Protein chains: 2
Amino acid sequence: MARLVIVGSLALDTVKTPFGEVKDALGGAATFSSYAASFFSRPSIVGVVGNDFPQQHLRLLQQRGIDVSGVAIEKGGKTFRWSGYYEYDMNEAKTVSTDLGVFASFSPRLPDGYKAADYVFLANIDPELQMQVLSQIKKPKLALLDTMNYWINNKRRQLLEVIGKVDILLLNDSEARQLFETPNLVKAAAAALKLGPKHIIIKKGEHGALLFSNGSHFSAPSYPLETIRDPTGCGDSFAGALIGYLAGKGGSGEKDLRKAMIYGSVVASFNAEDFGLERMKRLTMPEIEKRYEEFESIRKF
Amino acid sequence: MARLVIVGSLALDTVKTPFGEVKDALGGAATFSSYAASFFSRPSIVGVVGNDFPQQHLRLLQQRGIDVSGVAIEKGGKTFRWSGYYEYDMNEAKTVSTDLGVFASFSPRLPDGYKAADYVFLANIDPELQMQVLSQIKKPKLALLDTMNYWINNKRRQLLEVIGKVDILLLNDSEARQLFETPNLVKAAAAALKLGPKHIIIKKGEHGALLFSNGSHFSAPSYPLETIRDPTGCGDSFAGALIGYLAGKGGSGEKDLRKAMIYGSVVASFNAEDFGLERMKRLTMPEIEKRYEEFESIRKF
């Protein structure tokens, strides 16, 4: 199995939706994505927490075979906290507060064992930190990068620089429109491919996801969920399952990528069914395979 | 070939988009849908125009094999006119003015030859007129109904009544959410199926379309267009090609319906490439078949 490194936030999330709420629940991009990846491979994570971070959270990740030796624990520091809510339509998270805590001064240093990674997922953090992590990895076979509107607005130059170094750029549709200054996703994708990546994946929430490569295009549907309790972490679960599948299989071609996007969609759809990590914690491989088959059936014509 | 009857508006459209404008161009739901259907079958249309309606417009439809004997010409009346524009993102038509003209007092009477129709498309008009048309058709094999937010707001009772009489309900996503008072499309579809139709198709514009039947679900992707010049009539082209394909083939099952939705998506994607009917006027069957194959390739995994 190829080695997979994921860098991103470990967080304590306070979330309210029309279906309930949680306070200081385990969250963060590295958490959701590594948990999702762990169904397919054994990821190693890089991040930082304060000493207010419950030990049981790290144990939970370790029990899934996730290597947490790259998670720094800052004594006297506070763990990154996000608080937000979703309204009735569940489409968009509204942020109440963000407290970077120990992430404000984070300077990632990778354990030696991480530096030979084949697969890297640079989850949504400061593009300068993404670059620091990427530059410590000797010869990655495939690097995937996610970002968000905050970095597009505040660190555009640094973001474009790190995009130029990765194989796959992952964005949601509004971010793609914003970064490439066009409402047309086909034009946005063409502009992204010019920056260097071989592929761009555009996430469209409940409308699925698009993959653009040079000269080809793939459209992944979303799964029609009757009950969405909490969409927090769906984008990260999608990315984690996607790169986890690729790392588990050792693949990086267009064909593998298409299958990886469906596995990503499957795990993300489960993630939305309950708060925080709750649904993934009870998720099984047979459930994943069954829903993967349903994704085949809903698009056959 | 099974007989197909379409009822809906014939209009003169004044449209402005970031890519140009047209004044008093041939438009209307019956026009776009019958033209799209004519690639697959020979539709007959029901509608009304004023004597300001250029004769050449009816000749254009006749040249496509469309039977226009059900189009009444009201002497001294004015043809239905719609004026609108699209902004940069091309997602939603903004209406400047609507002048119903002869449609305000229209009472459709079908020529005898129409009454034995097997396939009926009740395009977006007053649900009371839709009911009048449907009740004049002896034994339709398949009836498809489209509507819009205006009728949901103003003739809800009559709309629900005619929905109960058709086989397939066609709506866009915001209309489905509005009519069934839920943000969740799966729940909206379940509510629609309870009213009587065997299928509900939810159009999502650039995100494709969904088909819900009892116990099954199909997700049709959209075609990634780099140039969209005028989206007017795309929903009607989709519906017209869909029912035209079914009528041409004599089909009505789930499998035929899935293929019909792809043909609908193909023709609608071409329609957006130019103003009014311009793109459809130069469209050929080999182009349609080629893009149909592309739809297969963009969803293979």
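Trainee: At what angle do helix α8 (residues 234-249) of chain A and helix α9 (residues 254-271) of chain A pack?

Mentor: Axes are lines fitted to C-alpha atoms, for helices over the stretch in contact, and angles run from 0 to 180 degrees between N-to-C directions. Here the two helices pack at about 140°, their axes 7 Å apart. That makes α8(A) oblique to α9(A), given that angles under 35 degrees count as roughly parallel, over 145 as roughly antiparallel, 65 to 115 as roughly perpendicular and the rest as oblique. Helices (H or I, at least four residues) and strands (E, at least two) are DSSP runs, numbered from the N terminus. Before going on: this is a predicted model, where local features need pLDDT of at least 70, side-chain atom pairs count only at pLDDT 80 or more, and totals for chains, interfaces and linings use all residues. Residues are numbered from 1 along each chain as its sequence is written, and chains are lettered from A and ligands numbered from 1 in the order in which they are written.

Trainee: Which residues of α8(A) and α9(A) make the contact?

Mentor: Two residues are in contact if their C-beta atoms, placed from the backbone, lie within 7 Å. On the α8(A) side they include A:Phe238, A:Ala241 and A:Tyr245, and on the α9(A) side A:Tyr263, A:Gly264 and A:Val267 are among them. By class there are twelve nonpolar, four polar and three charged; Ala, Val, Leu, Ile, Met, Phe, Trp, Tyr, Cys and Pro count as nonpolar, Asp, Glu, Lys and Arg as charged, and the others, Gly among them, as polar.

Trainee: What else does A:Ala241 contact, leaving aside neighbours within four places in sequence?

Mentor: Its partners include A:Ala36, A:Ala37, A:Phe39 and A:Phe40. A:Ala241 is also one of the residues with the most contacts inside the largest nonpolar core, which has 99 residues. Such a core is a set of buried Ala, Val, Leu, Ile, Met, Phe, Trp, Tyr and Cys residues joined through C-beta atoms within 7 Å, buried meaning 20 or more other C-beta atoms within 10 Å of a residue's own. Apart from it lies another core, of 96 residues, including B:Leu12 and B:Tyr223.

Trainee: In chain B, how do the axes of α1 (residues 29-37) and α8 (residues 234-249) cross?

Mentor: They come within 7 Å and cross at roughly 40°, so α1(B) and α8(B) are oblique to each other. B:Phe32 and B:Ala36 are among the α1(B) residues that meet α8(B), whose side includes B:Ala241 and B:Ile243.

Trainee: How many residues of chain B are in contact with chain A?

Mentor: 23, and they touch 23 residues of chain A.

Terms used: A residue is buried if 20 or more other C-beta atoms lie within 10 Å of its own, exposed if 12 or fewer, and partly exposed in between; C-beta atoms are placed from the backbone.
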